[in-house]
Amino acid sequence: HEPVRLVRGNLQSLLSPDKNSDNSNSAQWTGCVTAIAASMLQTNMVDTVVCIATNNEGDWTQPEPILARSVKDVMRGRGVKPALAPSLKVLDAIRTDPSIRRLLFCGVGCAVQAFRAIQHELGLEEVYVLGTNCADNSPTPKAAREFIQKGMKIDNSQKVRGYEFMQDFRVHVKIDDGDGNVSYVKKPYFTLPGSIAEPSIAPSCLACFDYTNGLADVVVGYMGAPLEGEMDKSYQTLAIRNAKGESMVQAATDQNLLQLGNIAMGSGASHEKFASTTVSSDSIILALTGGDVKEEGVPQWIGEALAFILTSAGPKGLNFARYSIDYHILRNYLHVLDSWGEERIIKDSPIPTYAMNIVQQYLDSDIMFAALHDKILVQQQTSKKM
């Protein structure tokens, strides 16, 4: 596919002049996904868009798939929903509706994989897939809310729009005061309670190796982009995989809803050592290997100092994306190894070849990661003997 590009959305022309409507941007970032989906409807490339909106109460933690037939419908899908979404819930409605002929499906990697497996059964004339990079969704809306309350120490009185684990080694929580004024609460990763990770991450996400959403025609993400200011003003990344993806992006740029930037670049420290170090200190891996999981994170001032040092000296741009991808692959491999055992992994091949190649590189070259791998195997052998 083409080199990864930097990109920003421009949703101003789509906002309603009606004073009674929700006239805020409401996008998590700058609205790149919304821009592409809206432009495809405007230009009649598709007649329907599958996207994830919030429920009727507008709760940001309650994802609900919809069949969007208008730009107004698509605008309901603005913003990232941090809990697992039932994206395939609308498939029967698609199959039984003869007016749906050209479809855009928007989703994360697990939803896209499932959709690709059955799209030929839907009887559609044309199918496009717009993906996002994804890792570590909450298993339920309740778990997402509890992460905000217990992990970020933000109470229910503040109107949270969403959150992201950002390139500056901090969690950024986007808050709306109700009058359209947006602010951010930022907390270094290292200050989070050690016990918050396990209930906040769906078990299925710990066995996922498709961070890059490999089956989508075009993918929007952010880990490979430079962090410049707040997320609703920063660039994201755009990976165009094929001719369909190119036409999807072209529709949005022609409508002036998408601004393409330079080719994304990597700089800073090598990502490999950062990835293995992060895995070895990960609370989920510490729990697997008998390590000490701290109930409380480090003090705020130490967390801020660590985040500053790592952001300054660590991997940046595409190197940060490589760090994030490798970290999740290595952590999830160890989780699957602990759950299934090495013999079953070899026999059933549940892990993609590209992920196993990355794992093998670290096993061959990184003492710290190899030691974690061996420790899990020893624990399994000891358990069998008992």
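Helices are taken here as DSSP runs of H or I with at least four residues, numbered from the N terminus. The model on display is predicted, and the tour below moves through it by selection.

**Stop 1: helix α11 and its tyrosines**

Begin by selecting residues 318–340, which make up helix α11. Within α11, highlight Y323 and Y327, which are four residues apart, about one turn of the helix. Are these two tyrosines buried or exposed? Both Y323 and Y327 are buried.

**Stop 2: the aromatic rings**

Next, display the rings of Phe, Tyr and Trp; the structure holds 14 aromatic pairs. One of them joins F147 and F165, with 5.8 Å between the ring centres and 35 degrees between the planes, a tilted arrangement. F147 belongs to helix α5 (residues 141–151) and F165 to strand β6 (residues 159–165), so the pair ties together parts that are 18 residues apart in sequence. The relative accessible area of F147 is 4%, which makes this residue buried, whereas F165, at 32%, is partly exposed. Return to Y323 and Y327: their rings form a stacked pair, 6.5 Å centre to centre with 15 degrees between the planes.

To see how such pairs connect, select F147, Y163, F165, F169, Y189, F190, F274, F320, Y323 and Y327 together; ring pairs link these residues into a cluster.

Over the ring of Y235 sits the charged end of R8, 3.8 Å from the ring centre. Likewise, the charged end of K244 sits over the ring of Y128, 5.2 Å from its centre.

**Stop 3: the three-stranded sheet**

Now select β6, β7 and β8, which form an open antiparallel sheet in that order. Strands β6 and β8 (182–188) are at the edges with a single partner strand each, so one side of each has no neighbour in the sheet. On average, neighbouring strands here are turned by 20 degrees against each other, direction ignored.

Zoom in on β6 and β7 (residues 170–176), whose antiparallel pairing runs over six bridges. Which residue of β7 stands opposite Y163? The residue opposite Y163 is V173.

Bring the helices back into view. Helix α5 lies across β6, β7 and β8 and runs at about 85 degrees to β6. Helix α10 (residues 300–313) lies across β7 and β8, at about 95 degrees to β8.

**Stop 4**

Two packed helices are described by the angle between their axes and the distance between the axes. Select α11 again, together with helix α13 (residues 353–365): their axes come within 10 Å and cross at roughly 85 degrees. An angle of 65 to 115 degrees counts as roughly perpendicular, and α11 is accordingly roughly perpendicular to α13. At this crossing, D326, I329, L330 and Y333 of α11 meet A355, M356, I358, V359 and Y362 of α13.

The side of α1 contributes A35, I36, S39 and M40 to the contact, and α7 contributes M248, A251 and A252.

**Stop 5: the eight-stranded sheet**

Select the strands of the open sheet with the order β3-β2-β4-β5-β9-β10-β1-β11; its pairing is mixed. At the edges stand β3 (63–68) and β11 (258–263), each with a single partner strand, so one side of each is left without a neighbour in the sheet. From one strand to the next, the twist averages 30 degrees.

Inside this sheet, strands β4 (residues 102–107) and β5 (residues 126–132) run parallel and are joined by six bridges. C106 has L130 in β5 as its bridge partner.

**Stop 6: two single residues**

In strand β2 (residues 48–54), pick T48. This residue is buried, with a relative accessible area of 0%. Leaving out residues up to four places away in sequence, T48 touches L41, L67, A68, R69, I100, R102, L103 and L104.

Finish at L288 in helix α9 (residues 283–288). L288 counts as buried, at 17% relative accessibility. Beyond its neighbours within four places in sequence, L288 is in contact with L334, H335, D338 and Q379. L288 and L334 are 46 residues apart in sequence, with their C-alpha atoms 8.5 Å apart in space.

Note on methods: Residues are numbered from 1 along each chain as its sequence is written. This is a predicted model: local features need pLDDT of at least 70, side-chain atom pairs count only at pLDDT 80 or more; totals for chains, interfaces and linings use all residues. Side-chain values use heavy atoms; hydrogens and water are left out. Rings of Phe, Tyr and Trp (its six-membered ring) pair if their centres lie within 6.5 Å; planes under 30 degrees apart count as stacked, over 60 as edge-to-face and the rest as tilted. Helices (H or I, at least four residues) and strands (E, at least two) are DSSP runs, numbered from the N terminus. Buried means under 20% relative accessible area, exposed over 50%, partly exposed in between (1.4 Å probe, protein chains only). A charge sits over a ring if NZ of Lys or CZ of Arg is within 6 Å of the ring centre and within 35 degrees of the ring normal. Two strands pair if DSSP finds at least two bridges between them. Axes are lines fitted to C-alpha atoms, for helices over the stretch in contact, and angles run from 0 to 180 degrees between N-to-C directions. Contact means heavy atoms within 4.5 Å. Angles under 35 degrees count as roughly parallel, over 145 as roughly antiparallel, 65 to 115 as roughly perpendicular and the rest as oblique.
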